[in-house]
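Here is a short tour for someone meeting this structure for the first time. Have a look at the picture, then read on.

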Amino acid sequence: QVQLVESGGGSVQVGESLRLSCAASGYTYSDRYMGWFRQAPGKEREGVAVINSGADITYYADSVKGRFTISQDNTAVVYLQMNSLKPEDTAMYYCAAARFPLVTSARFVLQADKYNSWGQGTQVTVSS
């Protein structure tokens with residue numbers, strides 16, 4: 001399994017921004033997808049944003065569209081830029097990776113149970 005190392009969480013006020021980073025070591029498959037998921041206390045883990053290995057296809061949960069942007073640099077570090085943060089964005093954020101030879105829908109890649117490699121998580125807290 002690939003090792004995923006996250007960074008960038010923290011505590012901010014409503015409307016502020018944060019950027020999360022996820023570095024994956026030695027995971028360069030062309031069918032690799034990496035994504036960000038989050039889990040708030042008492043809730044199920046939910047998909048936030050996913051990007052393919054070529055960084056030309058992205059998927060977002062409806063709740064973050066227009067506010068969050070997932071991207072990838074040339075060293076395969078995946079970022080999640082989070083703008084206009086809301087209290088409901090408060091959660092532990094996890095980076096995840098998997099290989100999908102065929103992706104049929106956004107719903108498919110945003111399902112947490114499809115991923116077999118996970119980071120340790122980074123806390124994001126948004127206060128009003």
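Let's start with serine 117, which lies in strand E10, a run covering residues 117-118. Keep in mind that this is a predicted model. Serine 117 has a relative accessible area of 2%, so it counts as buried.

Who does serine 117 touch, once neighbours within four places in sequence are set aside? The contacts are Gln1, Val2, Leu4, Cys95, Ala96 and Ala97.

## The disulfide

Cys95 turns up again here, because cysteine 95 is joined to cysteine 22 by a disulfide, with the sulfurs 2.0 Å apart, well inside the 2.5 Å cut-off. A search through the whole structure finds one disulfide. The two cysteines come from distant parts of the chain: cysteine 22 belongs to strand E3 (residues 18-25), cysteine 95 to strand E9 (residues 91-99), and 73 residues separate them.

Which hand does the disulfide have? The torsion about the S-S bond is about -80 degrees, so the disulfide is left-handed. As for accessibility, cysteine 22 is buried at 0%, and cysteine 95 is buried with 0% as well.

## Aromatic rings

Now for the rings: the count comes to eight aromatic pairs. Take tyrosine 94 and tryptophan 118: their ring centres are 6.3 Å apart and the planes meet at 85 degrees, so this pair is edge-to-face. Tyrosine 94 is buried, at 15% relative accessible area, while tryptophan 118 is partly exposed at 27%.

Another edge-to-face pair is made by phenylalanine 100 and phenylalanine 108, at 5.1 Å centre to centre and 70 degrees between the planes. Phenylalanine 100 is buried too, with a relative accessible area of 7%. Ring pairs tie Tyr33, Phe37, Tyr94, Phe100, Phe108, Tyr115 and Trp118 together into a cluster.

## Charges over rings

Over at tyrosine 29, the charged end of arginine 99 sits over the ring, 3.7 Å from its centre.

## Glycine 8

Glycine 8 is in the loop that runs between strand E1 (3-7) and strand E2 (10-13).

Skipping neighbours within four places in sequence, glycine 8 is in contact with Leu18, Arg19, Leu20 and Thr122. Lysine 43 is 35 residues away from glycine 8 along the chain, and the C-alpha atoms of the two are separated by 22 Å.

## The whole chain

Stepping back, the protein chain has one helix and 11 strands. Read from the N terminus, the order is β-β-β-β-β-β-β-β-β-α-β-β. Along its principal axes, the C-alpha trace spans about 40 × 25 × 25 Å. The radius of gyration is 14 Å, which agrees with the value near 14 Å for a compact globule of 128 residues.

Of those 128 residues, 46% count as buried. The protein chain exposes about 6500 Å², and carbon and sulfur atoms supply 45% of that area. Among contacts between residues at least 6 apart in sequence, 60% join residues at least 24 apart.

Terms used:
Residues numbered from 1 in each chain as written. Predicted model: local features only at pLDDT ≥ 70, side-chain atom pairs only at ≥ 80, totals over all residues. Heavy atoms only, no water. Helix = DSSP H or I, 4+ residues; strand = E, 2+ residues; numbered from the N terminus. Buried < 20%, exposed > 50% of the residue type's maximum accessible area, 1.4 Å probe, protein only. Contact = heavy atoms within 4.5 Å. Phe/Tyr/Trp six-rings, centres within 6.5 Å; stacked < 30°, edge-to-face > 60°. Lys NZ or Arg CZ within 6 Å of the ring centre and 35° of its normal. Rg over C-alpha atoms; globule rule 2.2 N^0.38 Å. Areas by Shrake-Rupley, 256 points an atom, 1.4 Å probe, with all protein chains shown as cover.
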